[in-house]
Structure formats: C-alpha cells, structure tokens
Amino acid sequence: MRNSGPGLREKGKDLLQIRNLHVEGFSDERWHPIVRGVDLALKRGEVLGLIGESGAGKSTIGLAAMGYAKPGCRITQGSILFDGIDLLALNETGRRRLRGSRIAYVAQSAAASFNPAHRLLDQTVETVVAHGIASREKANRSAVDLYRRLQLPDPETIGFRYPHQVSGGQLQRAMTAMAMACHPDLIVFDEPTTALDVTTQVEVLAAIRNIVQEFNTAAIYVTHDLAVVAQMADRIMVLRHGLTVEEAETRQMLASPSQEYTKTLWAVRKLAKPEVPADEYLLTIDNITAAYARTVQVLQDVSIKVPRGRTVAVVGESGSGKSTLARVVTGLLPPLSGSISFAGQALSKTLKTRPKEILRRIQMIYQMPDNALNPRQTVEEVVARPLEFYRGLKGAQRDRRIGELMHMVEMSETYLDRLPAELSGGQKQRVCIARALAADPELIICDEITSALDQIVQEEILKLLMRLQRELGMSYIFITHDIATVRAIADQIVVMHQGKVVEQGLKSEILTPPHAPYTERLLSSVPEMDPDWLTRLLASRRI
Amino acid sequence: MNPVARTVLQRLGLGLVTLFIVSIIIFSAIAMLPGDFAKAMLGQSATPETVAAFQREIGIDRPPVERYFVWVGQMLHGDFGSSFASRTGYRRTVAEIIAPRLYNTMFLASMTALIAVPLALGLGILAALYRNGWFDRLVNAVTLTTISFPEFFVAYMLAYLVISRDTFIGSEFAQSLPHWLAVSLNWILNAVPKFPTLSNVNDQTPFWEHVWRVALPAITLTLVIVAHMMRMTRAAIINMLASPYIDMARLKGMSPMAIVLRHALPNAWAPIVTVVAFNLAYLVVGVVVVEVVFVYPGIGQLMVDAVKSRDVPVVQACALIFAATYILLNLTADIISIATNPRLLHPR
Amino acid sequence: MTSYEPIAQVHRLRRSRTTRAKTALKKAPFSAWFGILVILGYVIVAVFAHWIAPYGETQVFSEAFAPWSQQFKLGTDQLGRDMLTRLIYGARNTIGIAVATTLLSFAVGVSLGLLAALYRGWLDQILSRAVDVLMSIPSLIFALVLLSIFGSSITSLIIIIALLDSTRVFRLSRAVGLNVAVMEYVEVARLRGEGPKWIIAKEILPNVMPPLVAEFGLRFCFVFLTIAALSFLGVGIQPPTADWGSMVRENATLITYGDVTPLLPAGAIALLTVSVNFVVDWFLHATSGLRDEK
C-alpha cells in the first residue's frame, strides 16, 4: 500500500531498547561527552527520526544502535538491547554477526562508502554470502529485485558497474539495496540524502520509504532536516548537546512541540521578508558566457540585473553555474563574451585591471567561514585590514571603526584578540560579514553563506543581513540552493539550471504558479513540514 | 584508446624523455671539465703534446653535440668508452670494468630486496593493524632510530659484533666485568654466526659462497631499508583504513581478515608499490656506502674510486646505470599503480 | 563530529603563543626531551669547540693509533692526532657545514616553491619539470658526478648538496603552498587588491610554517647523513679538517682488532640524527593534533 503515510503502519513488539547511553569522544588530549544519557525504544517496523543540530550526538546514537563506536569514541555507560540481546555484553565477533545481517547501515556519502575496487553487485551481496544466508546466485537474483524495487535504472545490469560509474542518487539507492540485502530487522540511515540535490533527494526519499514499508523494516533515520524527517519517521526524537529534548509521534511533534528549543527549531522555517520592487539598478550583467579551460561552458548567455539596496537570490542545484556567476562578477574568471556594468560604468573583465575603488565597492562572503578566515590572523587583524588598505585608517580612528563594525555584527569587542579556531561557526561568519562591511561596499555577493551553519544560526545570520541592508542600503547577490533561504530574504529571484537562466523576476512572480517546468520541479521537490507532502507529491507526479 | 594503455604509454614516453635528459646532463659532465683538467690528470710533468693527445682522446676537440650522439650510439652497442686509467697499448674499456661489478651489485641488491620487501610489508601491516599498541610503539621507536643511523655506522656495528665474538673475552672491558656476566655475554656473542667482515668475491666464487660472503652487507642494507619501508607501509595502510568504505565494511559485519583482504588490499597496491619502488631506489644508493665498508667489488665502490681518481668515463657510465635503474623502478611503480586503479580500469 | 564546548573552555583556549609553546613542551614525551637536550649539547660543543678541546685540531703527536689513556682520553688516530679533540672539532665542522647547506637549500627551495604555488603558469611548469628531472637521479650519485668534476672543496660541497636537496624542499613548499593558495582567505586578499608581497608574507607563509619547520629538521638529517657518507667515501670534507665521516674511514682498520674507537664518530652522527628525528616526530604530532587517531 503505497499511500499509507507514516504513523499508519502496523508495529510489532519491541526491537531495540537503549537505556542511559553515554558516549565520549577523544579530542584535545582528553575525553569529551558526546552523548550524555539517552533512552530510546523502537518497535519492529517502526521508523524513528533522530533530529538535532551538529554536535547533538544523533549520528553517534545511530551507530551505538549497532553496538559500534567510531574510532576515537567509546561507549562508557548504558545498555543496548537488540531483540533481547545485550550488544555491549556481546563480544566483537558476536556483534559482527549481527551487523549487516540483522542491523544494517546506510551512510551519508555513498560515493566514499562504496569500495572503489569492487562492482556494486558484489558489494550488495557481500553480507548475504559472508553471513551464509543464501547462495551467491540466489543473492544476486534478490539484489536485482531490490534494485528494481528501488527504481534504479537497468536493474539487471547496474550491479555490474563500479561505484564511480553511477550517479550520486543512484549510489545512495544502491547502498540502501546493500543494507536491505539480508532483510535486516533494523536499518540505521545516517543523513542519507544530505549530500544530494533536492530534485534527486525526492526520488531517494521515496525509494527508501517504499522499501522500508514493503519489508516492514524498523529504521533509525538520522537527519538535521525537519521536513525530511517529517516524511520518513513515525516518531521523532529531538536531540541537543547529547541529551533528549523531547520525543513524540510525528504529527503531534509537528503540530504542537512542547519544548522551547523544539519551537525555535520549527520557527526557523517561517522567516519571510516582504519583497520591494526595484527602483534603480546597481549591477547589470549582459549576455555573459563563461567557461573553465575554454572547453566546458558553465555559463551561457546569462543576463541579470541587480537593483540598488535589494537582494537578488540566485537559485540552482549543483552544476547550475551559480557560483561561477559570482566568480565572473568579482573578476576572478574573465568571461568569454558579454559585459558587466556597475553603477553606470563598464566593469573590466579581469581582477588585475580593476581599480582599488571598484574592488572596495564589491565584496564577497563565502560558504565556509573556516576557509575564508586566515587561521593565523586575529579577528582584529581581519577586520582592520580593509580599513587600513582602502581608507588608510590608523590609531584611534581605526579602533573606533572596528568597534562600530563589531557592534554592527552583534559581537562583543572582547572577541577581537581571538583566532578563528576559538570562534563558533556563526561567529566566524559574522567576522566575515564585518570584514566585508569594513570596505563600505555597495554590493555584497553571498555564496551559500548559510548552508554550512545550523538552522538556528542560519536564521540569526539572515536576520542580521536583512537589518544591515535596511540600515546601510547595500545590494546582495545571494547564491543558494535552499528555497527556504530564498523565501526569507529575496526581493528578486533568478533560477539557474545547467548554466542558463531559466526564469527571473520578483519573488512573488517566481514563487507563484505558473512556473517554468524546471522551476516547477525544483520548487515541488523542496520538502515541506507536512507529513503527507511526499505522498501527495508522488501521487501528483504519477498522474 | 583504453585509458590504462594510454596512461601507461604516456608514462613510458615520459620515462624515456627523462632518461634522455639525464643522459645529456651526465654527458655534459665532460664538457664542464675545468680547462686544467688534463694537466691535473696527467700530473705537473706532462708535456703539452701529451696533454693535447689526452684531450683528443677524451674528445674535447670535437663539437659537443656530435660527441653526445657518438657517446649515446656507442652506449646502445654496449660500448661505454675507455677508462682514463687506460694507457697507451693497454686499453681498458669501461664495459669490461663494469660488467662483473654490475653483476655483484645486482646480486647484493636482489638478495637484500628478497629479504627486506616481505619483511617490511609484513611488519608495516602488523604495525598498522595494531597501531598505538606496544608492538607499534616498539617498532616505531626502533625504526625511527635505525633510519637516523648512517649506513656505515650500522655496517661497522655489525662488523664489530662479529669481531667481538673472538676478541671480547680477552678484552680489558670483559675483564672488568663480573666473571659470570662476561661469560654469558661471550656466550651470546658466540651465537652470532661468523660472517665474513670482508666481502671479497670474484667470478669464480660459487653461488652459496657468494651469498655467505655478502651476508653482512645484505643485513646492513636490510636494516636500513626495512625501517624506511615499514614506516611508509604503516602510514599508507593507516591512511587507507581511515577511509569511509573501510568503516562501511566494519558496519557490514565483515571480519577483520575480510576487511584487510577484500576491502583494503585491492586499493592498497598503488601506495604499497610506490613505497617499495621508493625504497628499492634508495637501496641503489645505499649500496655505494655499504660496498665500500665491506670492500665488496660492486659498481658503487667502483664509482667512488673513479670519482677519487676523476676517471670521468667510468663515473658517467656508473651514474647512467644508477639513474636508469632509479627511473625504471619509479616507472614500474607508476605503471602498476595505474594498472590497479579501478577508475582507470573501468572508465565511465 | 564537533562536541559541545561550554563558553568557559573557550576562554581557557586564549593563551599567548609563548604559553602555548610552554604547555606543549611540558606535555612533550621523554624522547622529545632527550632530543632537545642532546641537540643543545651538540650546539654547545660545536660553538665552544676551541675552548673545550684539549689540543689543537691538527696537532700531531708521535704515537699513531695510541690506546685510550690519561693523556689521550680516546687515543690517537692514524696520524697521531688526539681523537677526543678531533671529535670536538668535528662537531663544529660537520654540523656547521650541514646547517649552512640546509639553510641554503631552504632559501632556494622555499622561495621558488611558494612562487610556483602562487603564480602557477609557465614559471611553475618550468621549475616543476626541472625538479622532476633532477630528482630522477639519486642525489648521492648526482653529488658524486658533480664532485668528480668540480672537486671536493667545502664550498662546492655545500653548493652541490644544497642545490640537489632544494629540489625536495621545492616540492614540499610548492605542495603546501598550493594547499594554502587555493584557500578562500587568499582569494579574499586578492579580491581586496593586495599585492603578492602581502599575500606571501601575511596570508601564505604563516600557514605553511609548521610543515616547513618539521621539514627543516628532516632535511638537516638527510643533508647531514649525505655529507657524512660523502666524507666517509673520501670525496666529502677533505683532510686535515676534522670531520666525523672521514674519521670513521681513516680509523676503520682498528675495528678489526676489536677496538670501538672508530665507531665513536659514527655514533656521534647517529645520536644527533636520532635526536633531531625525535624532536621532529613530536613537533609534527603536536602541530597536527592526533594524526593517526581519526
């Protein structure tokens, strides 16, 4: 029965019981707690979603359910009962017999988790044969059957390919087939779709959900994405800092979370900004075509206008050319043809030929603040350099301006003597913003600046950027793959696909139907917080 | 074209080009000889006529490009020219000097490689599997120490050990020790086989006698090479065991043996072969010093003597042989790495 | 997986560089301490050789190969020179030449390597191909060829070894330089309009220091061993300069009589390289965190 949403399936008796689990990890020469006393129970055929931000301990709990601790981690306390067997009391050989055959694992990065030296089929049936469950031929036949059920193309022959010969989405489904090969009682899914594009994610989610239902397998589904877990899980457990925040049936959890932290998590998705139409254009990109190494065209005939004091969100999946666009605007990648004008003047194509004053007016913020900050420079050095470089500020003037900038990004001046390693991810991104502001720019290019951050931090950064725009009147080009972010901050939207602009216009125009076909597919693939969303979407696509 | 074949051909071409350039560099050695070289060679008493004759003989009077091609052409026919040690009426060709010694060096190097490679790979894999355990720590400390030793130190230490077998009990040092200690130390020393400390062999030496005579040089080289190779093997294996697909194999419940044999090994050929080639190349160099210590008539000792007497044709020929071996070893490693790379074997 | 860090611990991390170095030293293992002390000892002996040594560097006494005695603590060598004196002066000469060579090799290798990493293009191509070729000849062999042409003076020894060794330094500094040059903070500096001087001095150099410092130790060992080997072979440092490599060769015959003296200079070489290796091993461990335990 395909249309049974989560929570409607029949559940059996208790399968997994974790009591008072403590796990520690070794870093900086000492042991730190990762999981600090978590209880968890799972029935046969039930899917439990573990959700939380980075450092919540959700992956660690998922692995502990297999009686496994990552190298450099150790389970210090608690009990893990799997079908009445105490996994921690068992010796390693005993645990090994359960792994793969009765408890299986699906990892986040399928590309790295498949052995490059063996064919997919050989890896899929490896556990079946090794645990002596079925003969090789029989295992091969049922593997092909699994491939078919997971809607892999050419199920008869795809198993003969090597991991590097198939796409990421297919690999993730092949890994699910590998986990399913022994018909395990429990599968641990560790962020299985996080590395995929949204349009691919939908297919993988649907395939995973179907097969788990068909085999009535119990699952622990680890993710940081609420909308995804809403589709997959019967029950959701929210974790933070290695502790359980709350736990409830999916629908109840979505409708009425009881804890403050959960409410904040839920609220993040609702940030939205009213759009403001353009009145004057700051940057005009005309018919830009660009390529790396003169062969692969990554941008084809792209034209975009950026209004002054507004935000243009450039949306697309990986390979759409959206980051290349940023490189062209900054002058890092001279275009093959086309022109760019900035504040009424033609912008020269290469970085070297642009005057310092132009460089000052266009600033850039990156996805990974870790890579964008020199690990050997203090916050003060980072923020002060543009002041000294562009405006020659010194002494008290410089110090006063640094203070103002720190105030603008809502950071205390006590952070000035810190190195980046001593800051949190959100704080690092604020320092990057302060560095951009120090140049008094008119245009800031933000390249996926929130996608490496936790959701609550994302929201704070987005709010900060909106406030700064209101106060200082800069324009933003906001490059992102995340539709929620677009809703939150955009005035205008540019949708890109395979190096071309699919459509562009005011946010309201783009986000309300009718859409261009690609935009339709992109928008409809973005998971929603409604547990019936996936079921509905699949039904509508099948028509 | 098949990408493996293409890449292999590319590497072969690159190897040939490198060898070509290296031969030019080595050849230029003669061209770079200082002007008073002939005088230095022939002594202060040399007459201008003899100097001119000598210069004609080594061919300085002809244009360098022509000389280069003559040199390469002769070498391809196995003619490496004449040694400066030749005198009128007594021509000694470089080839006849080198041939027996090349055999000796190859004998020593192969014998060392046969012992060292399996030993180092075995120890390296064990240390990687039981890393941070006592075995790993011990091996780490010992190898870190041995790689810091100059080869001649290891060589003389071994020689000293063998000699002490006979001299220890009579030495002042032994007499200063308590009697029981001296006796037991002597007993231990006597367990050391009485290896020859001079490895003099000639073309009449029977095979097993040859093996026996080069025992000490071979052990010395083995100690040095094993330390390097084992550390590199350990690092390569640890690096690979940290990859996500090994974690996955553990989570699939594979046995440690299956993990190593099925999942690690097929991907380990490239790093291991690189390590082996690197160390065999190192062996080629280590041979020079060890041959001198044990007075073993190999090509390394020949080259050192030639350098001292500035017998440039011999130096050139030896250098070219060493360089060619070195290039060949690295080339082989490259090709094996390519041929075992699944991404190249099974293109999209 | 990052673990949860309360704010109090962030404050704990804020220490100046010197205190950080001090705590790192406190936690250093025995081998590192041993290494540091031994290196200090060698440096003191090398610097004060003139005052420590009982006799002059080339002072000859009547008895050659004299046994150990009150007058000659470690006996005399094949020409009747005091072994202890030669050993002490040997420290100065051997270490001094090795340090000079390593410094020269680094000056050439690091500057060219970082330039190649930053500018790429034809400069990088030419330098990298040249280094490939130079490295395809074993360096001891190449050194032998060059020494046979230029003769074995100390200057030519230093220049030849330094040039051959700088190929390895070039490769390493180019590789680590490339890793840093592609970082976004370098791109930020370029977008800001900074010149190459700032980028190399402020953005790249501070981030490649730890691997380069470690490499300096390892290269020193290698250079030191190469020079010792050449001297041992009789084509390195020439008499009458006291040097450990040649001392071993000149007195090697004594070993046949069960005399341990010729092993002393060899042991002196070994002890120093072991110590440097111990320190480098610890330094690498300390600057890279726990590399083995992932």
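Trainee: What percentage of the residues of chain B count as buried?

Mentor: This is a predicted model, and in it 37% of the 348 residues of chain B count as buried. As for secondary structure, chain B has 16 helices and zero strands. Among its contacts between residues at least 6 apart in sequence, 73% join residues at least 24 apart.

Trainee: At what angle do the axes of α15(B) and α7(C) cross?

Mentor: The axes of α15 (residues 312-339) of chain B and α7(C) come within 10 Å and cross at roughly 165°. Angles over 145 degrees count as roughly antiparallel, and therefore α15(B) is roughly antiparallel to α7(C). The crossing in which α15(B) passes α7(C) is left-handed.

Trainee: Which residues make that contact between α15(B) and α7(C)?

Mentor: From α15(B) come B:Val312, B:Val315, B:Ala319, B:Phe322 and B:Ala323, while α7(C) contributes C:Ile141, C:Leu144, C:Val145 and C:Ser148. Taken by class, this contact of α15(B) with α7(C) has eight nonpolar residues, one polar residue and no charged residues.

Trainee: Turning to chain A, in what order do the strands of the open sheet of six strands run?

Mentor: The general idea is that strands of a sheet pair through backbone hydrogen bonds, in either a parallel or an antiparallel manner. Here the order is β16-β17-β18-β13-β19-β20 (chain A), and the pairing is mixed. β16 (362-365) and β20 (500-506) of chain A are the edge strands, each pairing on one side only, and the twist from one strand to the next averages 15°.

Trainee: In which sense do β13 and β19 of chain A pair, and what packs on the sheet?

Mentor: Strand β13 (residues 311-315) and strand β19 (residues 492-497) of chain A pair in the parallel sense over four bridges, and A:Ala313 stands opposite A:Ile493 in β19(A). Helix α20 (residues 517-525) of chain A packs on the sheet, where α20 touches β19 and β20 of chain A, and the direction of α20 makes about 100° with that of β19(A).

How values were computed:
Residues numbered from 1 in each chain as written. Chains lettered and ligands numbered in written order. Predicted model: local features only at pLDDT ≥ 70, side-chain atom pairs only at ≥ 80, totals over all residues. Axes fitted to C-alpha atoms, helices over the stretch in contact; angles between N-to-C directions. Helix = DSSP H or I, 4+ residues; strand = E, 2+ residues; numbered from the N terminus. Parallel < 35°, antiparallel > 145°, perpendicular 65-115°, else oblique. Left-handed = near helix turned anticlockwise from the far one by under 90°. Contact = placed C-beta atoms within 7 Å. Nonpolar A, V, L, I, M, F, W, Y, C, P; charged D, E, K, R; others polar. Buried ≥ 20, exposed ≤ 12 C-beta atoms within 10 Å, placed from the backbone. Pairing = 2+ DSSP bridges.
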